[in-house]
Amino acid sequence: SDPVKGSDGSQITAWHVQYLPQRDHCQLDDLVVGGDLGDVETFYNRISASLAKRSMFINPKKCLTISPCEMPPLANIPHSNGEWEVLGIPIGDPENFLQKKLDQVRRKLAQFEQLPSPHLRYFLLRYCGVAPMVMYWVRTLGPHKMWVEFDNAGRDALASSIGPIDTTGAGIVTLPIRMGGLGLRLLDPISPAAHLAVLLEATPLVQPLLRSANPTMWADLKETLLTYLADDGVDMKDAPSRRIQKFITSQLDAIQFDSLVGEPSSNDRVNIFLTSAKNAPRPILAPPVDKIGMAELPGEAFVAWVRHRLCQPLLASPQTCPLCRAVESDVFGDHVLKCMATGHKNKWHTDVLRALFNVCSGALLHPAREVHCFPQDYGKRLDLVLPRHSLGAKEILVDVSVTGKFLPSVGACLKQVAAAKVASYGNLLEPHQELIPVIFSAYGSVNPEGLQFIDRVVKAYGARLGASAKRLALFRVHSALAKDVATSLARGALSNQEV
């Protein structure tokens, strides 16, 4: 980047020269030349003539002259004295630039809305939507008032798929999946952290330039960065930039989570569900799929599952249950999940047990189903039995159950069902047997003993099929239940008046 003087006295400065050899030609890419107009014109003419002798040419359409004032045209190269970009980043006020990007994002989201499946629209919105499309500019431009408009566009796109949601639901949407949200990030809150990550990433590059060009500016920037990071307990020397961004974003997630949960002693459904989600493994909370091949759920089922997850009403007003005739002030679908008259719990149990059996079989644990293990009480059968030395020294007896209750808390309901299983079978156990109740909640949790058992099975599964298979195994078990829950919620809403 040092100035280069020509034999005629001209002086230019060039940055970022990249020479890319190709099969039948060579390309000189990203050459930035700076200097007085006469010097730049002399350099352009000289290099054009030199390249022409070698059958190489400059494409004027790929060039741009930039000047803060008017200047005569240079070899038919487009000129800009207002809005211009360097490596895709606008220089100056980026509002007009971001408005154009916002229009592009809205057009893309409108294309998503034309898809018939709400489930597929959600996945596209998460992985190809607002945040993925513009995160480059969030990181490089930093905080700006326009990011709120992008966030609103994302909210509108989601609402077009699942219906209107209140401020609480909108807050849950933005939480990561590990906290019970949908993982649809907002740009405005994380823009400072994203921009800080870029500053840290660029520090080794700009440090020599700032030190030589403006030592005071460098000292101020360094002090600001160190102060910001010291407040959050991060060491600038040891933390990569993206780790910094992830750390600060996680702090924002925690603040958002605490604001939604409110008082720990509250019986509010949002408090109950999010507290349960915080202690659940991430695959248990992931949006369900019909098959592991990512086939989407039917539209009504996915919308019902998402609205229930966001604590949003599925019905416009409380309705009488058409099966058990119970009258409850329940517009959220909770009664559907605990109503015994529907018969859906038998299907939930069968599907979860089948998925768990398949994972155990894949881990070569030689499971058996519906086994009579107690000669003194032949009428009692265990859902799943693993032989001795397959997953431990003892014979493991597994009893699977699914509950749709959540009061006073999801954890308390799981503990109550597990205790009933132990009371039922505990006195019948032989010294070589171990009973493990595996209790699933329709709200996305598993009892601690059951989760420990699943972890042991998943580890054995991963030891045989590879580390990447471990996550798939847990996801397979979850999807079996989540699909059934989503279907039950949709049927309950459709049997009455939908929102």
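Ser409 is partly exposed, with a relative accessible area of 27%; buried here means under 20% relative accessible area, exposed over 50%, and partly exposed in between, for a 1.4 Å probe and protein chains only. The model is a predicted one, in which local features need pLDDT of at least 70 and side-chain atom pairs count only at pLDDT 80 or more, while totals for chains, interfaces and linings use all residues. Residues are numbered from 1 along each chain as its sequence is written, and side-chain values use heavy atoms, with hydrogens and water left out.

Ser409 belongs to the loop between strand E12 (395-403) and helix H15 (410-425). Helices (H or I, at least four residues) and strands (E, at least two) are DSSP runs, numbered from the N terminus. The side chain of Ser409 reaches the backbone nitrogen of Ala412 at 3.1 Å. This is a polar contact, defined as a pair of N or O atoms within 3.5 Å; within protein, one must be able to donate a hydrogen and the other to accept it, and residues adjacent in sequence count only if both atoms are side-chain atoms. From C-alpha to C-alpha, Ser409 is 8.9 Å from Thr275, although 134 residues separate the two in sequence.

Strand E12 is part of an open sheet of five strands, arranged in the order E10-E11-E12-E13-E14 with mixed pairing. E10 and strand E14 (445-446) are at the edges with a single partner strand each, so one side of each has no neighbour in the sheet. Two strands pair if DSSP finds at least two bridges between them. E11 and E12 run antiparallel and are joined by three bridges; in this pairing, Leu386 has Ile396 of E12 as its bridge partner. E12 and E13 run parallel, with nine bridges between them, and Glu395 stands opposite Gln433 in E13. Strand E13 (residues 433-441) and E14 are antiparallel and share two bridges; here Phe440 stands opposite Val446.

E12 is mostly covered, nine of its nine residues being buried. Glu395, Leu397, Asp399, Ser401 and Thr403 point one way from the strand, and Ile396, Val398, Val400 and Val402 point the other way.

The structure holds nine salt bridges, a salt bridge being a side-chain nitrogen of Lys or Arg within 4 Å of a carboxyl oxygen of Asp or Glu. One of them joins Arg381 to Glu370, with the closest N and O atoms 3.8 Å apart. Arg381 is in strand E11 (residues 381-386) and Glu370 in strand E10 (residues 368-372), so this pair ties together parts that are eleven residues apart in sequence. Arg381 is partly exposed at 42% relative accessible area, and Glu370 is likewise partly exposed, at 34%.

Another salt bridge pairs Arg185 with Asp253, whose closest N and O atoms are 2.5 Å apart. Since Arg185 lies in the loop between helix H6 (167-174) and helix H7 (187-213) and Asp253 in helix H9 (residues 241-261), the pair ties together parts 68 residues apart in sequence. Arg185 is partly exposed, at 30% relative accessibility, whereas Asp253 is buried, at 5%.

A salt bridge also forms between Lys347 and Asp484, with the closest N and O atoms 3.8 Å apart. It links distant parts of the chain, Lys347 being in helix H14 (residues 344-362) and Asp484 in helix H17 (residues 468-494), 137 residues apart. Lys347 has a relative accessible area of 46% and is partly exposed; Asp484, at 5%, is buried. Both belong to a network of salt bridges that links Lys347, Asp351, Arg354 and Asp484.

Helix H4 (residues 130-141) has twelve residues and reaches 16 Å from its first C-alpha to its last. This is close to the expected 16 Å, the expected span being 1.5 Å times one less than the number of residues. The buried residues of H4 are Val130, Ala131, Val134, Met135, Trp137, Val138 and Arg139. Just after the helix, Gly142 takes a positive phi of about 80 degrees.

Tyr136 contributes, with Val86, Leu87 and Ile91, to a nonpolar surface patch of about 370 Å². Patches are made of residues with over 30% relative accessible area and no salt bridge, like charges being joined within 9 Å and nonpolar side chains (Val, Leu, Ile, Met, Phe, Trp, Tyr) within 5 Å. Accessible areas come from the Shrake-Rupley method with a 1.4 Å probe, and for residues only the protein chains shown count as cover. Ile91 is located in strand E9 (residues 89-91) and is partly exposed, at 38% relative accessibility.
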